[in-house]
Amino acid sequence: MDELVLDAFGKINLALDVLYKRDDGYHEINTIMQQIGLKDTVILKNRSEGIRIFCDDNRIPTDERNLVYKAWEKVVEKTKEKRGVEIIIKKRIPLAAGLAGGSTDAAAVLKGLNILWDLNIPQVELMELGREIGADVPFCILGGTAQAGGIGERLKSLKSFSNKLILLANIGVEVSTPYVYKNLNLKDKKAPLDIDKIVKHIEEDNLKAVAKNMANILEDVVLKKYPVIGDIKEEMLKEGALGSLMSGSGPTVFGIFDDEHKLIRCKGKLEKKVKVVIATKTI
């Protein structure tokens, strides 16, 4: 095989809690991650040696700063593979948006090189390599619906929550995850979020209960800097969303709908005010 084309799906967080700051400087989290249909396309082509990265978005670095470079590096370190690769990324997931755009591209490269070079690395080992690249990479390899602990690398697959109507709204600014965590005040936090209750609603496939109980502790930090996020949430709820939440460290807001006509009407209204509005589904 000389060429491979892969879908690299984004994710949303149906719930996100931060429990405490760890001794290693990272934060211990409890979250529910959900893959969505919005995707980048990652194309891998064999070459004689080394790596070349191309991307149709000129804001994306194409050198060692890109997580796909790190993914290639990890595979080569593990396998001592001598072949090179050309990687072409077609971006559709907004940048620094809380949707795991960089992580899912890296996950696609880990999975893709395993296939392209016939390496037979087990999924659990690919996920371990992914953990060394970024906290969301293991989930992007696993996919579906999962509860995550640690920094996001301890994963437990949940019952599929697929085929739910999702509307994404992104204000077109990049939000730094380190900035959000640095400005998070855990001292005033009263109690952890009841993530287990949301897991139970997912297992029951209770869409309304999941939507009603969604929560993200990082939301308040980003809301202070970008109050428009609160306006978007209100608009979605007013237009019939069952629930609305900021995903990850933001700034993307998503709404869950049970009526496609309401979603389309809401999309039309938000498009007049918000830079990027995308209708998609959970997968």
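Trainee: By its relative accessibility, does Lys164 count as buried or exposed?

Mentor: Lys164 counts as buried, at 13% relative accessibility. Buried means under 20% relative accessible area, exposed means over 50%, and partly exposed lies in between (1.4 Å probe, protein chains only). Before going on, note that this is a predicted model, in which local features need pLDDT of at least 70 and side-chain atom pairs count only at pLDDT 80 or more, while totals for chains, interfaces and linings use all residues. Residues are numbered from 1 along each chain as its sequence is written, and side-chain values use heavy atoms, with hydrogens and water left out.

The side chain of Lys164 meets that of Asp205 in a salt bridge, 2.8 Å from N to O. The term means a side-chain nitrogen of Lys or Arg within 4 Å of a carboxyl oxygen of Asp or Glu. Lys164 sits in the loop between β6 (154-157) and β7 (165-170), and Asp205 in the loop between α6 (195-203) and α7 (207-213), so the bridge ties together parts 41 residues apart in sequence. Helices (H or I, at least four residues) and strands (E, at least two) are DSSP runs, numbered from the N terminus. Elsewhere, salt bridges with shared partners join Arg22, Asp24, Glu28 and Arg154 into one network.

By the same rule, the count comes to 21 salt bridges. One of them joins Asp56 to Arg92, with the closest N and O atoms 3.1 Å apart. This pair also links distant parts of the chain: Asp56 is in the loop between β3 (51-55) and α1 (67-79), Arg92 is in the loop between β4 (84-90) and α2 (101-116), and 36 residues separate them. Asp56 counts as partly exposed at 48% relative accessibility, and Arg92 counts as partly exposed at 48%. Another salt bridge runs between Arg83 and Glu81, whose closest N and O atoms are 2.8 Å apart. Here Arg83 is partly exposed, at 33%, and Glu81 is buried, at 18%.

Now to the sheet that contains β7. Four strands form an open sheet in the order β9-β10-β7-β11, with antiparallel pairing; two strands pair if DSSP finds at least two bridges between them. At the edges stand β9 (243-246) and β11 (276-281), each with a single partner strand, so one side of each has no neighbour in the sheet. The twist averages 20 degrees from one strand to the next. β9 pairs with β10 (residues 253-257) over four bridges, and Met246 has Val253 in β10 as its bridge partner.

Two helices meet these strands. Helix α9 (residues 228-238) lies across β7, β9 and β10, at about 10 degrees to β10. Helix α10 (residues 260-270) packs on the sheet and touches β7, β10 and β11, its direction making about 10 degrees with that of β7. Contact means heavy atoms within 4.5 Å; axes are lines fitted to C-alpha atoms, for helices over the stretch in contact, and angles run from 0 to 180 degrees between N-to-C directions.
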